[in-house]
Amino acid sequence: MILKCAIIDDEPLAISLLESYVNKTPFLELAGKYNSAVNALPALSKEPVDLLFLDIQMPELNGMEFSR
């Protein structure tokens with residue numbers, strides 16, 4: 001079973017590190033990476049994912065608010 005996942009973080013280094021881990025994990029497929037939760041909303045409403053990697057401290061909309 002392959003899990004589609006997305007990364008939402010405002011730090012480029014964190015996105016890069018998480019992307020590296022996802023690419024090394026055989027059962028994960030990266031569906032998208034976003035530097036803003038606000039930018040991720042339209043894309044994820046069109047193409048849902050199974051797993052989200054969220055930053056909990058982002059401007060505008062943090063990871064905790066996004067998950068609700």
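User: Which residues does Leu61 touch, not counting residues up to four places away in sequence?

Analyst: Leu61 touches Ala37, Val38, Leu41 and Phe66 on that count. Contact means heavy atoms within 4.5 Å. This is a predicted model: local features need pLDDT of at least 70, side-chain atom pairs count only at pLDDT 80 or more, and totals for chains, interfaces and linings use all residues. Residues are numbered from 1 along each chain as its sequence is written, and side-chain values use heavy atoms, with hydrogens and water left out.

User: Which residues make up the largest nonpolar core?

Analyst: It has 9 residues: Ala6, Ile8, Tyr34, Ala37, Ala40, Leu44, Met58, Leu61 and Phe66. A nonpolar core is a set of buried Ala, Val, Leu, Ile, Met, Phe, Trp, Tyr and Cys residues joined through side-chain atoms within 4.5 Å. Buried means under 20% relative accessible area, exposed over 50%, partly exposed in between (1.4 Å probe, protein chains only).

User: What supplies the largest share of this core?

Analyst: Helix 2, with 3 residues. Helices (H or I, at least four residues) and strands (E, at least two) are DSSP runs, numbered from the N terminus.

User: New topic. Where is Ser36?

Analyst: Ser36 sits in the loop between strand 2 (28–34) and helix 2 (37–46).

User: Buried or exposed?

Analyst: Ser36 is buried, because its relative accessible area is 14%.

User: What does the Ser36 side chain reach?

Analyst: The backbone nitrogen of Val38, at 3.2 Å. Leaving aside neighbours within four places in sequence, Ser36 is also in contact with Ile8 and Asp9.

Definitions and conventions:
Polar contact = N/O pair within 3.5 Å; in protein donor to acceptor, adjacent residues only side chain to side chain.
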